[in-house]
Amino acid sequence: GDAGPAEGPAGGFRPAHAPDPAQAGAAQGAQVGPLGPAITSFSPDKGQRNSDVVINGTAFSDITSVKIGGVELGSANYTVNSTIKITAKVTAAAITGKISVGNAVGTATSVNTFSVYPYIDAFDKTTLAAGNELTITGTNLGGSKVYFNTTEVTPSSNTATQIKVNVPINTGAYNVSVANSVGTSNIKTLTVTSPIVLTELI
C-alpha cells in the first residue's frame, strides 16, 4: 500500500510538511550577525601620561573609538595590534575611569577602572615669596598632598585640575610634586624667595 506519514524522532510521527528541527536550527545559526567587541582585561591597571596600556579582548575589528575615563583618545593614540589586542596611549586629557572600545557593531566597556597618575602642567609662578600661595594646574590632581622636596603640605583647595597651597617659609629651590592614592606626579621646580618686608618711613 501507500507509504504512511514520515516517522519522526523517538517513534513519533511528523507531518511531511513540518520542518526538520535540525535544519531549522542550522538556518537560525546562519543568521547570526557579527559580534561586537568585548574587553577581557587590560594591563597595567594604572599609568602615567604618555604611557601605554594594553587592552585584551575579542572582536577588535574596524575599531573606531578607544576611551579612557570617557575621554576619546583619537586614532593617532591607539594601535589595533590584532582582533584580540589594542595598545593605547594615556593622553594628556585621559582621566581615571573605565576603558571602552567601539566599532560600528557596538561598544565594550571594561569591568575594572584604569587609574591615571596625577600630572603637574604648570605653576602660576615659578618664583614666589615665602609663605605666599601657589596655584598648581594639571590633571588627575584630586585628593592630593603637595610635596616641597620631602616636606608634605596639605592644600588649601584641591580639584582634579587645580591645587592651591602655601609655599614653605624657608627660601631656596624646591622640587615640587603631588601624590594621591594612585601615585606620585612628575616634578617641577619652584624658587622660594625672602618675603618682601615693608618698612614704615618716619
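Colleague: Which side chains meet in a salt bridge at 3.6 Å, N to O?

Modeller: Those of Lys89 and Asp52. Keep in mind that this is a predicted model.

Colleague: Where do Lys89 and Asp52 sit in the chain?

Modeller: Lys89 is in strand 7 and Asp52 is in strand 3. The two are 37 residues apart, and the pair links distant parts of the chain.

Colleague: Is Lys89 buried, exposed or partly exposed? And what about Asp52?

Modeller: Lys89 has a relative accessible area of 29%, so it counts as partly exposed. Asp52 is also partly exposed, at 42% relative accessibility. Buried would need a value under 20%, and exposed a value over 50%.

Colleague: How many salt bridges does the count come to?

Modeller: Three. One of them joins Asp121 to Arg49, with the closest N and O atoms 2.9 Å apart. That pair links distant parts of the chain too: Asp121 belongs to strand 10, residues 119–123, while Arg49 is in the loop between strand 2 and strand 3, and 72 residues separate them.

Colleague: And which side chains meet at 3.8 Å, N to O?

Modeller: Asp124 and Lys125, again in a salt bridge. Asp124 is partly exposed, with a relative accessible area of 41%. Lys125 is partly exposed as well, and its value is 41%.

Colleague: Back to Arg49. Buried or exposed?

Modeller: Buried: the relative accessible area of Arg49 is 17%, and the cut-off for buried is under 20%.

Colleague: Which side chains does the side chain of Arg49 make polar contacts with?

Modeller: There is one with the side chain of Asp121, at 2.9 Å. Another goes to the side chain of Thr139, at 3.1 Å.

Colleague: Which residues does Arg49 touch, not counting those up to four places away in sequence?

Modeller: Val90, Thr91, Ala92, Tyr119, Asp121 and Thr139. Arg49 itself lies in the loop that runs between strand 2 (46–47) and strand 3 (52–58).

Colleague: Changing topic. What order do the four strands of the open sheet come in?

Modeller: The order is 1-3-7-6, with antiparallel pairing. Strand 1, residues 38–43, and strand 6, residues 78–82, are the edge strands. Each has a single partner strand, so one side of each has no neighbour in the sheet. From one strand to the next, the twist averages 25°.

Colleague: How many bridges join strand 6 to strand 7?

Modeller: Four, and the two strands run antiparallel. Strand 7 covers residues 85–89.

Colleague: Which residue in strand 7 stands opposite Thr79?

Modeller: Thr87. Lys89, the salt-bridge partner of Asp52, is in strand 7 as well.

Colleague: One more, Ser185. Where is its place?

Modeller: Ser185 is in a loop, the one between strand 17 (172–179) and strand 18 (188–193).

Colleague: Is Ser185 buried or exposed?

Modeller: Ser185 counts as buried, because its relative accessibility is 10% and buried means under 20%.

Colleague: What does Ser185 touch, not counting residues up to four places away in sequence?

Modeller: Pro118, Tyr119, Ile120, Ser177 and Val178.

Methods: Residues numbered from 1 in each chain as written. Predicted model: local features only at pLDDT ≥ 70, side-chain atom pairs only at ≥ 80, totals over all residues. Heavy atoms only, no water. Buried < 20%, exposed > 50% of the residue type's maximum accessible area, 1.4 Å probe, protein only. Polar contact = N/O pair within 3.5 Å; in protein donor to acceptor, adjacent residues only side chain to side chain. Contact = heavy atoms within 4.5 Å. Pairing = 2+ DSSP bridges. Axes fitted to C-alpha atoms, helices over the stretch in contact; angles between N-to-C directions. Salt bridge = Lys/Arg side-chain N within 4 Å of Asp/Glu carboxyl O.
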